[in-house]
Amino acid sequence: MKFTLNGDTLDITAHPMKRLLDVLREECGLTGTKEGCGEGECGACTVLIDGAPVCACLVPFAQARDAEVLTIEGLGGEHPLQQAFVREGGAQCGICTPGMILAALVLGERPSIEKLRAGLAGNLCRCTGYEAIYRSVAAAYENRGTRERGNAGT
Amino acid sequence: VVLLAHEDREKLLEAKVTIEYERTDPVYDPEQSSKVLKHIVISKGDLAKGFARADLILEGEYRTGHQEHVYIEPNGFIAEPMEDGGMTVHGSLQCPFYVHKALKALLDLPDEKVRVIQTEPGGGFGGKEEYPSMIASHAALLARKSGRPVKIVYDRAEDMWATTKRHPSIVRHRTGVKQDGTLVAMDIAVILDGGAYVTLSPVVLSRGCIHAAGPYRCANTRIDGRAMFTNTNPNGAFRGFGAPQTEFAMEAHMDRIAEALGMDPVRLRTKNALKPGDTTATGQTLGSDCSALMVLKEAVKRSGWNRKRRAFKGSSRGIGLALFYHGSGFTGAGEVRLASKCSLATSEHGVRILVASTEIGQGTRTMHAQIVADTMGLPYESVEVAIPDTQGVPDSGPTVASRTCMVVGRILERCATEMKERLGGMSPAEHFRQHGATLITKQYEPPPGIQWDDQSYEGDAYATYSWACDVAEVEVDPVTYDVKTQKMTVVHEFGRPIHPVLARGQIEGGTAQGVGFASIEQVVMKDGAMANAQLTNYTIPTTLDTPRMDTIMLENPYPYGPFGAKGVGEIPMDGPAPAIVNAMRHIGLDIRQVPATPDIVMRAAVNWPLAANGQLPTASPQS
């Protein structure tokens with residue numbers, strides 16, 4: 001079945017009811033998408049399908065046919081959000097981080113705190129208490145995330 | 001009972017196994033249990049004399065529920081049988097040498113034939129302290145039997161069913177107090193539900209009992225603690241380790257005392273808070289590292305306590321606080337017994353840190369590298385941190401008990417100081433090229449003057465303590481009885497932060513877990529097992545449930561911690577629950593248990609004048 005993954009067109013043979021999460025991790029070898037609950041509650045497996053965030057644990061592979069799928073690997077590692085999450089402590093254990101960053105990505109640049117809290121409410125983080133995540137998203141769009149130091153010190 | 005493995009995991013669903021159980025009468029209530037797992041008594045002064053001096057005696061019972069860790073990555077292990085009969089395991093774990101010890105016993109292998117390698121876990125919080133030994137053992141048994149590598153990864157439901165949880169507690173206080181607020185007698189009984197097996201319950205009880213009298217001075221104190229066996233999930237380590245339970249009781253009780261005396265809760269605490277020179281319940285004399293009054297004062301000022309306490313009165317909003325402390329490192333003689341070792345070695349790139357302390361998201365690797373780099377005057381980039389692998393690193397002890405910075409970091413600081421001298425001004429890489437590898441290993445040394453008696457439970461329970469004060473602002477929905485914590489002012493003193501961004505992350509993350517413990521995280525038990533073992537109906541705080549936080553880190557450098565640091569990992573967990581319940585008391589709701597779910601709040605609101613017509617006046621919009 002054909003679909004676009006992080007900009008590349010792929011043709012993957014897998015059961016159409018296999019979870020997209022498993023296709024990404026096992027068939028495509030992209031383990032950046034994490035499984036936290038397997039029932040769409042924690043958001044750790046968030047990926048974008050045609051620009052919309054979905055829980056890849058709830059999506060059968062068939063639904064990705066001809067769609068554009070973006071996983072954390074598609075951001076390349078140097079995206080301003082990724083850099084800001086590192087600098088500002090937005091990632092602690094890192095398991096929620098890929099999903100959290102993709103969920104934040106669709107909120108656009110400089111979301112208000114209300115929009116950010118509502119937009120990330122489907123992504124559970126057990127480490128940060130979310131404050132460092134808010135600081136990370138805010139910092140990502142200050143000077144496009146190129147600053148050397150964070151502003152989250154004492 | 002049965003371990004099954006197959007190279008196609010779907011095939012496992014076809015396996016049919018019949019297990020015959022013989023049912024006896026189970027005991028689910030720790031108070032009905034006759035089996036005491038551990039009993040601890042702490043005694044100071046003369047209770048009868050203390051109560052005789054009291055103007056008021058107040059009693060109360062306080063309860064806390066189970067709590068599930070919900071690290072977002074469930075437990076998982078890979079076991080690999082070696083050709084020489086040995087076993088190598090890779091896993092999501094906090095304490096490599098705990099797993100090492102378990103596998104040696106299970107497989108009857110010598111030290112060098114068992115190798116445990118940590119893969120950085122997606123969260124731990126104490127939940128990957130002891131259980132990994134179990135799942136590693138399961139994987140290792142299957143690997144030995146099949147002669148092939150075996151991977152076990154729990155799904156969320158399996159993880160919630162099988163792994164340990166925070167001990168439920170029942171704490172009873174009987175307190176004698178003078179009219180001016182002076183505490184003269186404290187009689188405290190602690191009961192922890194240990195569940196079906198011993199696990200770490202004895203030490204959880206120990207930390208719980210030592211913290212049960214709170215950060216207060218009282219000449220006559222008795223703490224009687226029991227951990228009981230029940231036929232339920234074994235309970236175990238969870239961030240805070242008994243202290244969140246007992247400090248919840250103490251702080252909720254303090255607000256009831258203040259209410260009974262008609263005294264402001266801040267004034268009552270100011271009157272009794274420990275100061276340098278005072279002694280704790282175990283008779284430990286505190287030094288200048290005691291900051292109870294400093295954190296209290298700052299939290300009151302920063303939160304606008306006095307103004308809001310007045311402004312919210314008679315509304316659906318409330319403000320409450322909790323003053324709390326947490327001992328850094330292992331309890332009593334624990335650190336001396338552990339005798340942790342750390343090594344530092346030169347390499348072609350610089351220096352390499354060799355410790356078994358694990359990165360679990362809290363920043364171990366970054367913070368240890370900073371300590372070594374700054375001690376040696378090296379760029380951060382020239383310090384490497386070895387992967388925790390029992391074949392390659394010394395046993396620096398478990399990654400628990402708020403000890404990884406203060407205790408392990410201090411040993412590394414001593415290694416780095418000696419390494420710097422040894423290099424004589426040469427860069428480590430240059431020294432390595434000329435002289436080959438230099439290895440320095442140091443062992444834990446207690447600060448001078450630490451005395452502890454494990455029999456009488458007297459003396460210096462911890463080398464030092466961190467101190468904190470939380471102020472919670474809540475709003476109760478008078479129709480649904482849902483309690484939203486809207487803001488927390490969180491003031492901590494833990495010596496000095498090594499990495500302020502990471503330290504703040506510990507405080508904010510621990511505070512959020514405390515908010516969940518206080519209000520929404522409810523383990524439902526049925527027939528001794530977790531009945532709501534899924535994230536759909538065991539909920540942890542989302543962005544919308546977690547209050548905004550104003551976090552303040554006050555400094556009071558501790559001379560025996562690296563660069564003045566004490567422990568910060570667990571203390572944030574201790575304060576939110578009592579602060580939130582005390583804020584509800586400010587609204588007029590008498591809550592003495594957590595999680596304070598809407599049904600509990602509704603019951604407390606039966607005689608609540610404000611709830612008539614389901615209408616509450618709203619607070620003045622400012623603040």
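How many bridges join strand β17 (residues 465-476) of chain B to strand β18 (residues 483-493) of chain B? The legends below describe close-up views of a predicted model.

**View 1. Strands β17 and β18 of chain B run antiparallel.** The two strands are joined by 10 bridges. Within this pair, B:Glu473 stands opposite B:Lys487 in β18(B).

**View 2. Four strands of chain B form an open sheet.** The order of the strands is β10-β17-β18-β21, and their pairing is mixed. On average, neighbouring strands are turned by 15° against each other, direction ignored. Helix α14 (residues 500-519) of chain B packs on the sheet and touches β18 and β21 of chain B. The direction of this helix makes about 130° with that of β21(B).

**View 3. Strand β3 (residues 76-81) of chain B pairs with strand β6 (residues 150-153) of chain B.** This pairing is antiparallel and extends over four bridges. B:Phe77 stands opposite B:Ile152 in β6(B).

**View 4. Strands β3(B) and β4(B) form a hairpin.** Five bridges join β3(B) to strand β4 (residues 87-91) of chain B, and the two run antiparallel. B:Pro81 stands opposite B:Met87 in β4(B). Five residues lie between the strands of the hairpin, where B:Gly85 takes a positive phi near 90°.

**View 5. Chain A and chain B are in contact.** Chain A contributes 30 residues and chain B contributes 31 residues. On the side of chain A that touches chain B, 13 residues are nonpolar, 10 are polar and seven are charged.

Technical notes. Residues are numbered from 1 along each chain as its sequence is written. Chains are lettered from A and ligands numbered from 1 in the order in which they are written. This is a predicted model: local features need pLDDT of at least 70, side-chain atom pairs count only at pLDDT 80 or more; totals for chains, interfaces and linings use all residues. Two residues are in contact if their C-beta atoms, placed from the backbone, lie within 7 Å. Ala, Val, Leu, Ile, Met, Phe, Trp, Tyr, Cys and Pro count as nonpolar, Asp, Glu, Lys and Arg as charged, and the others, Gly among them, as polar. Two strands pair if DSSP finds at least two bridges between them. Axes are lines fitted to C-alpha atoms, for helices over the stretch in contact, and angles run from 0 to 180 degrees between N-to-C directions.
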